Amino acid sequence: MSKPAFLFPGQGAQTVGMGRALVESTPPAKEVFDRAAQIVGYDLLSICLNGPAEKLDSTVYSQPALFVTSIAALEWLKANKPDVYNSCQAAAGLSLGEYTALVFAGVMSFEDGLRVVQERGRAMQDASDAVPSGMISILGLDADKIEKACDDARADGEVLQIANYLCPGNIVVSGHKGACERVADFATKAGAMKTIPLAVAGAFHTPLMQPAVERLKKALGAITLNKPRFPVISNVDAYPHEESGEIRDLLVKQVVSPVQWESSIRKMLSHGHTPFWEIGPGRVLRGLLKRIDRKAETDAVDC
């Protein structure tokens with residue numbers, strides 16, 4: 001029996017030109033960007049379509065841009081494949097993508113979700129600007145060896161820890177800039193196939209994002225959260241939650257906690273969810289899914 005689940009991408013999936021096919025073919029998708037411009041106070045669609053890439057990649061712009069493009073992709077799906085749109089029985093989003101999932105599940109309105117995402121992006125950018133830091137993807141090494149590499153690379157007082165458990169053989173660490181540079185050498189010596197510095201502003205999903213916590217807590221406290229229409233898996237603990245206070249607390253905790261993406265996907269697989277639809281820019285989530293379960297059935301709304 002089909003139990004479709006939707007997956008929503010996070011920061012890093014953005015690319016100049018995203019959203020063009022959506023707004024050119026589907027008026028409701030264009031309306032999403034028009035509504036967004038009124039909320040954020042600038043022409044978000046123009047940045048998505050024309051960049052420049054340096055601006056789109058900035059946390060301040062990339063988070064609202066990805067959120068709105070993914071919501072526009074849902075409008076395309078609703079207009080062109082309404083049976084699929086109405087079939088979703090669970091959802092998850094990678095970091096930022098969790099907000100898209102929660103909006104689709106009816107937990108928060110599009111307008112409220114965008115306001116929170118805009119403040120989240122600003123707060124995380126400010127926290128990143130305060131301390132030189134970064135993230136690095138480590139391929140082909142298990143978590144125990146990566147934790148040992150972090151211990152070896154970390155100097156006194158530095159933060160360096162696993163930030164994203166993406167899939168077998170793909171784990172991201174995050175922390176102070178110098179520690180990230182050193183851990184690449186330690187991971188390579190431990191047998192890693194490859195290490196890839198990520199083009200992000202700072203050490204997301206670590207205590208270095210603590211300065212963003214109070215601002216995000218205030219933004220979330222100003223909006224109404226409803227019971228989800230279907231389960232939305234939390235990045236923090238890989239479980240769905242229904243109580244509004246719990247959802248709010250976990251969204252705040254998310255910015256300083258590791259993303260449990262592999263566990264989230266396994267949770268949905270264990271409950272028989274299939275097929276998985278990636279809704280938003282890029283193909284990252286389909287690739288991770290296949291690394292977790294190569295037999296998993298996937299489809300997408302490309303942007």
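Guide: A word on terms to begin with: two strands pair if DSSP finds at least two bridges between them, and helices (H or I, at least four residues) and strands (E, at least two) are DSSP runs numbered from the N terminus. This is a predicted model, in which local features need pLDDT of at least 70 and side-chain atom pairs count only at pLDDT 80 or more, while totals for chains, interfaces and linings use all residues. Residues are numbered from 1 along each chain as its sequence is written, and side-chain values use heavy atoms, with hydrogens and water left out.

Visitor: OK, which residue of strand 5 is the bridge partner of serine 137?

Guide: Valine 172 is the bridge partner of serine 137. Strand 3 (residues 133-139) and strand 5 (residues 170-176) pair in the antiparallel sense, over 7 bridges.

Visitor: And what is the strand order in the open sheet of 4 strands?

Guide: The order is 4-5-3-6, with antiparallel pairing. Strand 4 (160-167) and strand 6 (194-197) stand at the edges with a single partner strand each, so one side of each has no neighbour in the sheet. From one strand to the next, the twist averages 25°.

Visitor: Which strands does helix 10 lie across?

Guide: Helix 10 (residues 177-189) lies across strand 3, strand 4, strand 5 and strand 6, and runs at about 145° to strand 5. Helix 14 (residues 284-292) also packs on the sheet, touching strand 4 and strand 5, and its direction makes about 80° with that of strand 4. Contact here means heavy atoms within 4.5 Å, and axes are lines fitted to C-alpha atoms (for helices, over the stretch in contact), with angles running from 0 to 180 degrees between N-to-C directions.

Visitor: Switching topic: at what angle do helix 5 and helix 8 pack?

Guide: Helix 5 (residues 59-80) and helix 8 (residues 110-130) pack at about 155°, with their axes 7 Å apart. That makes the two roughly antiparallel, a label used for angles over 145 degrees.

Visitor: Which residues make the contact?

Guide: Among them are Phe67, Val68 and Ile71 of helix 5, and Leu114, Val117 and Met124 of helix 8.

Visitor: Where are the cis peptide bonds?

Guide: One joins glycine 51 and proline 52, with omega about 5°, and proline 52 is found in the loop between helix 3 (44-50) and helix 4 (53-56). The peptide bond from threonine 274 to proline 275 is also cis, with omega near -5°.

Definitions and conventions. Angles under 35 degrees count as roughly parallel, over 145 as roughly antiparallel, 65 to 115 as roughly perpendicular and the rest as oblique.
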